[in-house]
Structures are given as C-alpha cells and as structure tokens.
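Here is a short briefing on a few residues. Keep the sequence and the structure in view as you read.

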Amino acid sequence: MKKDIVNRTSLVGPLFKLLRLTFENEEWMLKAHKASSGSSQSVSDFTAHIQQTLLLTLEDICVSIGNDIAHKNVGHKYDLQLLVDHACSSDDVVTSNYAFSLITALVKIVPDEVCARTSDILTTMGKSTVTQLDSQSQRVFEGLISAIIPCWLSRTNDNDTDKLLQIFVEVLPQVAEHRGLSIIQHILRTLGEAESLGSLLFLLFQSLISRQSELSLLNKQWEYEFAVLLSEQYSCTIWLRSLILVLKKIGTSIQDKFKQMQVAMQFVADKLRDPEISYKLQLKEDMHDIQNMVGELMEQVVYHLQLVNSNKKHSLKENIRAVLRTLTKGLPPSTYFNVIKELINHGDSDMKKKALGLLSETVKDLGTGAKLKKKGSVSSIRSSWQQLDEVSLKSYKKLCSSINKLLDDAQEDISSTSLELAAVSALEVLANRFPSHDEVYSKCLKSVCKRICSDNSALSSHCLRATGALVNALGPKALEELPSLMKCVLEKFPAETNKTVDSAIGSSSSVDSLFMSVLLTLEAVVNKLAGFLNPYLTRILQLVVLHPLSFSSSDPKLKLKADVVRKLITEKIPVRLLLQPVLDMYPKSIGLGESSVSVVFEMLGNLVSSMDRASISVYHAKVFGLCLEALDLRHQNLDSIQNIDVVEQNVINVVVTLTMKLTGSTFRLLLIKTIEWSDSNVEGDESAPGKSDSRAISFYSLVNKLAESQTSLFVPYFKDLLDGCVRGLDDAGETKTALTQKKKKAKLNDTTTDKDGALSIQVWHRRALILSALHKCFLYDSGSSKLLDYSEFEDLRKALVSQLVVDPPVSLKNHPNVPSVEEVDDSLVACIGQMAVTAGSDLFWKPLNHEVLMQTRSEKIRARVLGLRIVKYLVEKLKEEYLVLLPETIRFLDEVLEDSELPVKSLAQDIVREIETMSGESIRQYL
C-alpha cells in the first residue's frame with residue numbers, strides 16, 4: 001500500500017475487521033477462495049497469504065504512525081486481542097511472526113493497551129518458542145521483547161517481573177537447550193541482567209522443588225543444569241549479585257524455605273569453585289565491587305546459618321558451613337579481613353557473633369599448616385595466608401581495631417556478653433595464628449585484661465586464653481599489663497576455684513575450664529616474661545603446687561598442663577630466685593596429700609637437674625636437708641599421706657639427681673648422715689611396733705636407687721652399709737624361735753612380728769629392700785679389690801641363708817606395694833648366688849654351699865626349694881668351677897631326689913641334668 005495515501009490510518013479499523021474474518025470465518029474464506037478462480041493455492045495457503053498481507057499492511061501503517069500523537073486517538077480501532085489470540089494458534093509460522101511484529105509496532109502507539117495484555121502476549125510468545133525454532137522467529141521474538149518489556153517495566157513492580165519470568169520457566173523444558181538459553185539471555189538483557197538473573201534462578205529452584213519431593217542428585221535436574229549453564233554466560237560481578245538476591249528471596253520465603261535453601265547452598269558452593277573471583281582479586285580488577293558483593297553474600301549465608309541453627313537442621317547446617325569455608329578459600333587475606341570487618345560493623349549483634357565465629361574457624365583451619373597441594377590461583381591465595389603482605393597486614397590491623405572497638409563499646413548485659421565471648425575468642429585465634437609485636441595487639445590486650453575479673457566465668461576463661469595468646473605474640477611488650485593480669489589470676493581465681501571445689505564432689509567442667517585457662521595464661525607469662533615475675537613467684541607456686549586442681553587425677557589434661565607450667569617455671573626462672581619459694585611449699589603441701597608433696601619434689605628435681613657446679617655447692621645442703629625431712633614421712637604416718645610410696649619415690653629421685661652432681665667426699669658425708677638418720681631412734685617408737693622399721697624402709701629404698709644410678713661407683717660406699725644390712729637381716733632369723741625367746745628379747749619381737757607371731761609387714765619390706773640392694777651391689781662389684789673380706793662374707797652369709805626358713809607375713813596379699821613372696825624369693829636367690837660369684841674363690845663357696853644344701857633338709861617346702869634354686873644358680877654361673885663342690889652336693893641331691901614333693905624333686909632333677917651337661921658325664925652312678 002502506498003505510503004502517500006491521504007488519511008490511511010482510517011483504514012486500520014476496516015483492515016482489522018477483515019483480518020478477524022480471515023481468522024474466524026472459514027465459510028467466508030471458502031467463498032473468497034472460490035471467487036478467486038485464477039488462484040492455484042489451497043484454501044489454507046490462500047488464507048495465510050491474505051492474513052500475511054493484512055498483517056504487513058497494518059504493520060506498515062502502525063510503523064508510519066510511530067510517535068505521532070495526533071493519530072494515537074485511533075487506539076480503539078486496534079484489535080489487539082485478535083492478534084494475541086491467533087498469533088500462537090496459527091499453523092503458519094510466517095503468519096505468527098507477522099502478528100508478533102504488528103504487536104511490536106503497536107507498543108509505541110497504544111502502550112497502555114499492550115501493557116494491559118502483556119501477560120497474555122508473553123504467554124503466547126512462550127508457547128510459540130516451543131515450535132518456532134528458525135532464526136527469523138528468534139529475531140521477531142527478540143524485537144517484541146525489546147519493545148514490550150521496557151514499556152511494561154515502567155508500569156509495573158518487581159512481583160510482576162517474577163510472573164513474566166515464570167512464563168518462560170514453564171515452557172523451558174519443551175524448548176531445545178540452545179534456543180532456551182538464547183531466549184532467556186535476551187529476556188534478562190532486556191530486564192537488566194544484574195537484577196533479573198537472581199529472580200530467574202529463584203524461580204528455577206522453586207520449579208525443581210515442586211517436582212522433587214526428595215532433593216537428591218540435584219545436579220542432574222534440568223532446572224539445576226540450566227541454572228549452571230546460564231550463570232556461566234556471565235561474569236562473577238553479575239552472578240555474585242544474583243546469588244545475593246536468591247538468598248534474600250529465600251530468607252523472606254514462607255513455603256519450602258529449607259528445601260530452597262538446600263538447593264541454593266549447593267548452587268552457591270558450586271559457583272564459588274569458579275576461580276574467576278580469585279583471579280580478578282589478584283589482578284585487582286573490580287576489587288571494590290567484588291569485596292562488597294562477597295561481604296553481602298557472606299552476610300546472607302551467615303543469616304541463613306542462623307535460621308538453620310534455630311530450627312536444628314543439622315545436615316543443612318553442615319552444607320552452609322561448607323559454603324562459608326569454600327567462600328573463604330577463594331579470598332585473599334586482605335579481602336577476607338575487609339569483608340569480616342564490615343560484618344562485624346553490622347548493626348545486628350547476631351550477625352556480628354556469626355562473623356566472629358566464622359573468622360575464628362577460618363583462621364584455625366589456616367593455622368593447621370597443611371601442605372598446599374592445589375595449583376593455580378587458589379594455591380597462590382592459600383599461600384598468601386602463610387605470610388601476610390603489606391596490604392593484608394593493613395587490613396588485618398583494621399580488623400583487630402574493629403574487634404577491639406567492639407569490646408570497648410560492649411554494654412553489660414547478657415547479649416553483650418555472648419558477643420564479647422566471640423570477640424575475645426577471635427582475638428585468641430588471631431594472636432596464635434599471626435603473632436606480632438604491633439601496637440594493635442597491645443590495645444587488644446588492655447581491653448581483654450579488663451574482663452579477666454568478670455563475674456561471668458565463661459568470659460573470664462576466654463579472656464585468660466586470649467591473654468595468653470596475646471602475651472605470646474607481644475613478648476616483652478606485654479609487660480605493661482602484667483600487674484593487673486597477675487592480680488586477677490593470682491588473687492581472684494584461686495579463691496573462686498577453691499570455693500567451688502570445696503563445695504562439690506570433684507570439680508565441675510566450668511571450674512576445670514577456668515583453671516585450664518589460668519594455666520595457659522601462666523604458661524605464656526612464664527615463657528615470655530619470666531624475668532619480671534620475682535614479686536609473684538610465691539603466689540604462682542601456690543597456684544600450681546597447692547591448688548587441688550593442679551594435681552588432680554580427675555582431669556588428665558589439667559594435670560598435664562600443670563606439669564608443663566611447673567617444668568617451664570624451673571627452666572625459665574633462675575635457681576637463686578626460685579629455690580627458696582619451692583622449698584617453702586613443702587610444709588604447706590603435706591596437709592594436701594601425696595600429690596601435692598610429689599609436685600613439690602618434681603619441681604625440686606627439675607631445679608637440681610638445671611643447677612651448675614657453683615649452684616650445687618651453694619644449695620646442696622638445703623636440698624638434701626629437705627629430702628631427708630621428707631623421707632621421714634613414712635615414719636610419721638600422717639593421715640593426709642595415703643600413698644607414701646609415691647612421695648618417697650619423688651624424694652629419692654631428687655636425692656639421686658643431686659648425688660650425681662656431688663663430689664665423692666661430699667657424697668660420703670651426706671651418705672653417713674643418712675645412715676645415722678636411719679639408725680636413730682625417734683621418741684615414741686617404743687610404744688608403736690613397726691615404726692622403727694619405717695626409716696629403714698625409706699633408707700634402703702634410697703640405697704637401691706643410688707645403686708641403680710651409680711652402679712659400680714656406689715660399690716665402695718657399701719662398706720659403710722654392711723653392718724646395717726647384717727643387723728637388718730639378723731633379727732628376722734630370730735623370729736622362728738620367737739615363742740621360746742627369753743624375756744630380754746621381748747622388745748625385739750614386738751618390732752619383728754605381728755600379734756599372731758608371724759613376720760611383720762614392715763620387717764618383710766625392709767628385708768626385701770636389703771636383699772635387693774645387696775644383689776645390686778654384688779652385681780656391680782666388678783673391680784679388682786672386692787667389697788667383702790672373709791669375715792664380712794661369713795657374717796653376711798649367715799644372715800642371708802637364715803632368710804630361707806623365715807615365713808612371710810600372713811597379711812602380705814593385703815599390701816600390694818610391699819614386695820611379694822615371689823619377688824623376695826627371686827631377690828634372695830640372686831643375692832646369695834651373685835655374692836658367691838663375686839667372691840670368686842672356693843674358700844668362700846664351700847661353707848656357703850654347705851649351709852645352703854643343709855636347707856634342703858628343712859621341713860619347710862619353701863626352704864628346700866630356695867636352697868635348690870640357689871644351687872642351680874651357682875651351677876649355671878660358676879660352671880666348671882663348681883665341680884670342686886660337687887662331691888658334697890651329690891650327697892644332698894641323692895636325698896632330695898627321693899623328696900615326696902614334686903616341685904622339690906623336679907628342681908633336683910633339673911640340677912642333675914645341668915651338672916651332667918656341664919661335666920660331660922653321668923653322675924647318677926654316684927646317687
């Protein structure tokens with residue numbers, strides 16, 4: 001139609017009427033087809049041709065009208081509904097495209113009418129995309145979208161945007177993937193990608209949830225796959241903003257919120273694995289925008305974590321935490337610190353707490369020192385956490401300042417306390433991971449120290465731990481806060497914890513935690529500020545030595561940490577300053593039991609180990625004097641000391657350590673002093689049977705340890721002990737005739753036997769220790785000049801052999817700390833046998849061998865067995881040298897081979913076989 005026709009807009013109405021006839025009146029079209037006798041077309045082709053001609057004519061007129069306001073009053077003549085109804089129903093693709101093109105032209109002429117029918121138009125377009133896959137149809141589609149959506153956006157709200165996108169989400173499953181992707185991209189481009197992509201993703205997730213009751217194999221669902229494919233078409237600056245919008249929508253959603261959250265979190269986790277963010281941050285490209293978006297994203301994820309926590313969705317909680325970890329791994333330190341700083345400055349206190357918790361968790365994970373196995377940008381970012389660069393340090397200081405300001409601004413209420421806990425815990429983790437002498441740590445330490453004396457035990461505990469970490473980081477720069485710190489630790493906490501322990505059976509977990517925090521703080525203070533602790537030494541020792549929790553066995557971790565602190569004290573503080581305070585702890589520790597006393601001597605042992613020669617010469621008398629005093633605890637038999645063996649062992653260890661550093665002359669003087677102490681009588685011993693043996697037990701326990709540690713060096717000193725050993729063994733021999741002893745020996749019997757006339761536990765214990773000590777002495781006596789001369793050998797021989805016929809105490813099984821019968825028998829056999837081996841002459845052997853053989857005629861089975869065991873020991877050790885003793889031995893073996901007791905007879909047979917093997921001939925002919 002010619003464009004210069006006058007007033008051709010007047011044709012619009014008639015043309016639309018004619019167009020309606022072609023679409024709706026088939027009979028009229030049949031008549032028109034017949035009237036056109038020259039046409040070779042089918043009815044359908046003829047109809048399509050007419051429709052297309054009319055649509056093209058109308059489009060041409062509408063385009064010519066354009067923005068001409070004067071002609072827009074003919075709007076009532078445009079039959080828009082006809083175009084909408086038949087654009088999709090037409091079987092001819094070209095006709096449909098012409099209809100959509102005409103609608104596109106009408107947008108400028110009658111925008112209100114078009115906007116009013118936008119939903120219908122887009123629905124029709126959506127359906128047409130399923131069948132119309134050609135390039136022309138795509139151009140028409142894009143043209144209509146480009147025209148209608150801006151017009152519609154100017155007259156609608158966001159909810160209508162979701163409705164628009166929902167139309168195309170519903171038809172996407174029926175459209176080829178590449179076609180659907182191009183359609184959606186064009187729609188998003190028209191709507192504004194940054195805003196609309198998030199809405200579309202939300203609708204896709206909703207579609208997935210509506211179809212799937214069980215959310216398994218999400219990445220195999222078409223909605224999820226399409227969301228991933230679509231997001232890959234955009235840069236991280238677009239899809240990051242979209243992820244934020246999705247999470248915001250889910251947060252305000254009412255239906256299926258947690259299912260939506262599950263799908264969204266997996267999608268977020270998958271997207272965050274994209275290295276684009278890290279790459280752009282390293283290049284500092286769009287850094288500010290990305291940091292802001294990451295911060296918003298973290299804020300949303302943390303918000304969702306709060307929702308999950310409140311609803312106890314544990315599996316979803318782990319997914320969200322995994323998202324946070326993934327998000328963190330892809331960020332360089334400076335960006336991460338800036339993001340956390342913004343979250344800490346958030347108005348919501350719960351958000352602040354979550355941000356601080358996330359910071360602590362992230363830094364702990366980074367502090368494990370795991371090897372960086374991944375390559376590329378992620379590995380580079382991970383390595384940047386190991387050594388902060390200048391930019392990161394600047395951000396880190398700002399972060400610490402924000403946390404410190406949060407502490408300074410905190411109010412005294414419950415919600416504020418929980419926030420303070422999170423802040424203090426974060427400072428502890430940061431100080432442990434990034435030690436520095438920077439001024440910002442000094443400010444943080446000051447703020448934390450103020451809260452150590454808080455009435456809230458949890459806050460106090462966390463503040464103590466954070467203080468320890470900050471002191472470790474600052475070193476000597478923490479000195480300024482030392483007075484206030486020690487005041488709280490050494491005055492307030494011991495009193496509180498003592499009160500708690502005294503008022504309950506055992507110690508509560510809160511008290512244990514508090515005391516562990518105290519120990520951690522003291523460990524840091526001693527390690528870094530040992531040179532300034534002299535004014536506090538006594539009170540520190542009272543805490544780590546006298547406090548019940550410092551040596552309690554109820555919590556092994558507490559005791560282990562207390563041991564570490566005590567050892568550190570002895571290593572870091574000079575002996576001249578520490579020795580006297582440690583010695584002063586002993587009288588106070590006695591009333592607290594064996595554990596506290598043992599702790600004192602453990603520290604004393606560590607101190608003695610660290611002493612140089614000059615210190616030993618100055619302090620050995622003090623140390624030895626205290627040890628001798630402590631060895632008397634067995635004799636004192638105090639109610640507070642339940643296990644004297646534990647205490648005695650620690651005291652003896654100190655003495656042994658000390659003697660290893662003494663000169664020979666000094667050691668002899670101390671040994672003589674100890675012998676005099678063990679032989680001295682204490683007032684009251686006469687009225688307490690057995691008490692006189694207590695010192696002997698302690699003394700010979702010490703002798704055993706000295707012999708073990710000094711081996712052959714100690715043998716010469718045994719000369720001073722032989723008389724005491726003989727006396728200690730002799731009285732046991734008299735017990736077998738206790739009932740027939742004269743009255744003048746009644747006093748001795750009281751000390752060696754119990755009320756039933758059997759050997760007392762104390763005497764048995766003393767004798768066992770003497771036997772063990774003698775055995776060690778003979779074992780290490782390897783020098784050319786032997787310890788025993790003939791007379792000494794004879795005295796000792798009689799005393800030792802007499803032990804074979806002494807019966808053990810009846811109540812021995814009730815004393816597990818006292819050597820058993822088997823142990824004593826082994827010691828006795830080894831002692832007598834080794835004494836003979838060491839003597840090295842048949843002059844010594846013959847009387848010994850005879851007396852031992854005489855015991856094989858005893859009425860007691862134990863005596864006969866022990867005698868044969870000693871003979872067997874001599875045969876094995878002396879070998880051919882024993883042959884000189886064989887004639888006498890054969891006579892006794894002949895007798896015991898006829899013994900009615902199987903153990904005795906069997907042992908005799910073993911000896912015969914041993915002799916025959918050694919001599920190479922049979923001795924049975926002599927039996």
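A disulfide is a pair of cysteine sulfur atoms within 2.5 Å. The sulfur of C831 is 8.8 Å from the closest cysteine sulfur, in C725, so the two are too far apart for a bond. The model is predicted: local features need pLDDT of at least 70, side-chain atom pairs count only at pLDDT 80 or more, and totals for chains, interfaces and linings use all residues. Residues are numbered from 1 along each chain as its sequence is written, and side-chain values use heavy atoms, with hydrogens and water left out.

**The disulfide**

- The structure holds 1 disulfide.
- That disulfide joins C453 to C488, with an S to S distance of 1.7 Å.
- C453 lies in the loop between α23 (439-449) and α24 (457-474), and C488 lies in helix α25 (residues 482-502), so the pair ties together parts that are 35 residues apart in sequence.
- Helices are DSSP runs (H or I, at least four residues), numbered from the N terminus.
- The torsion about the S-S bond of C453 and C488 is about -120 degrees, so this disulfide is left-handed.

**Cysteines and burial**

- Buried means under 20% relative accessible area, exposed means over 50%, and partly exposed is in between (1.4 Å probe, protein chains only).
- C453 is partly exposed, at 31%.
- C488 is buried, at 10% relative accessibility.
- C236 is buried, with a relative accessible area of 0%.
- C831 is buried, also with a relative accessible area of 0%.

- E648 sits in helix α33 (residues 644-659).
- Is E648 buried or exposed? E648 is buried, because its relative accessible area is 6%.
- Beyond its neighbours within four places in sequence, E648 is in contact (heavy atoms within 4.5 Å) with L631, R634, I697, S698 and S701.

**Positive phi in loops**

- N637 is not a glycine, yet its phi is positive, about 50 degrees.
- N637 lies in the loop between α32 (633-636) and α33.
- N637 is exposed, with a relative accessible area of 61%.
- K879, a residue other than glycine, has a positive phi near 55 degrees.
- K879 is in the loop between α42 (861-878) and α43 (886-896).
- K879 counts as partly exposed, at 45% relative accessibility.

Methods. Helix = DSSP H or I, 4+ residues; strand = E, 2+ residues; numbered from the N terminus.
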